[in-house]
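Visitor: I have a structure open and would like to go through it. Can we start with the overall picture and then look at some details?

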Amino acid sequence: EFAILDHLRRAGVPAAEPVACGARARASFLITREVAGAEILKDRLVQERRAGKLMETLGGFVRSIHDAGVRHDDLHVGNVLVSGAGLYLVDVHRAAIRSNLSRAERIRGLGFLLLSLDTLVRMGDKRRLLRAYWGKDLSKAVLRDVGRAFRRARARVGSALRPRSSPARARPRRRVSALGCGRRGRGLRRD
């Protein structure tokens with residue numbers, strides 16, 4: 001974690017500043033410098049009525065993480081702090097440095113992030129995040145793939161929370177993506 005946070009900071013991505021780390025027996029620890037006046041992004045979103053500007057900032061922030069070559073398999077609104085107008089990444093225990101992230105890795109990360117935003121922000125705010133991340137490269141194909149990644153993340157998280165002793169009941173569900181559109185992509189707009 002120390003190396004990943006250090007890598008992000010060297011790449012210009014705001015992240016917690018690591019100051020010490022160590023290990024003893026089977027446990028390890030990481031100490032970071034406090035981010036002054038910070039609150040957890042999830043808490044801020046619960047308070048906000050309109051999160052459009054914050055979602056645009058988050059989209060650019062996640063893009064900078066990915067552009068720095070960091071794949072984060074657990075990127076959610078509880079791992080990001082808000083301080084002033086800036087965002088800071090604080091928890092990178094399921095992250096790895098890559099030379100270059102593939103489109104699929106980026107989309108998987110965005111799908112998981114959108115799952116954490118699912119009940120906190122409106123559909124339009126999620127689209128703002130994606131527009132800020134992809135810019136002119138946002139397309140119906142990207143939206144479709146992000147929707148698939150969202151559904152996979154939801155299934156993965158749901159299966160992890162389901163008790164192993166009682167199998168899930170199979171029931172038909174309407175397929176809805178993170179962007180509120182069905183299978184055929186109705187309702188997609190590129191604005």
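Visitor: Of the contacts in the protein chain with a separation of 6 or more, what share comes from residues 24 or more positions apart?
Guide: That share is 68%. Keep in mind that this is a predicted model.

Visitor: OK. How many helices and strands are there?
Guide: The protein chain has six helices and seven strands. Their order along the sequence is α-β-β-β-α-α-β-β-β-β-α-α-α.

Visitor: And how much of the chain is buried?
Guide: Of the 191 residues, 39% are buried.

Visitor: Now the helices. How do α3 and α4 cross?
Guide: Helix α3 covers residues 52-67 and helix α4 covers residues 103-117. Their axes come within 11 Å and cross at roughly 145 degrees. The crossing is right-handed.

Visitor: Which residues meet there?
Guide: From α3 they are M55, L58, V62, R63, H66 and D67. Their partners in α4 are R106, L110, L113 and L117. By class, this contact has six nonpolar residues, one polar and three charged.

Visitor: Different topic. Where is D74?
Guide: D74 sits in the loop that runs between β4 (70-72) and β5 (80-83).

Visitor: Is D74 buried or exposed?
Guide: D74 is buried, and it has no salt bridge.

Visitor: Why no salt bridge for D74?
Guide: A salt bridge needs the charged atoms within 4 Å.

Visitor: What else does D74 touch?
Guide: Leaving aside neighbours within four places in sequence, D74 is in contact with N79, H93, R94 and F112.

Terms used. Residues numbered from 1 in each chain as written. Predicted model: local features only at pLDDT ≥ 70, side-chain atom pairs only at ≥ 80, totals over all residues. Heavy atoms only, no water. Axes fitted to C-alpha atoms, helices over the stretch in contact; angles between N-to-C directions. Helix = DSSP H or I, 4+ residues; strand = E, 2+ residues; numbered from the N terminus. Left-handed = near helix turned anticlockwise from the far one by under 90°. Contact = heavy atoms within 4.5 Å. Nonpolar A, V, L, I, M, F, W, Y, C, P; charged D, E, K, R; others polar. Buried < 20%, exposed > 50% of the residue type's maximum accessible area, 1.4 Å probe, protein only. Lys, Arg positive; Asp, Glu negative; His and termini not counted. Salt bridge = Lys/Arg side-chain N within 4 Å of Asp/Glu carboxyl O.
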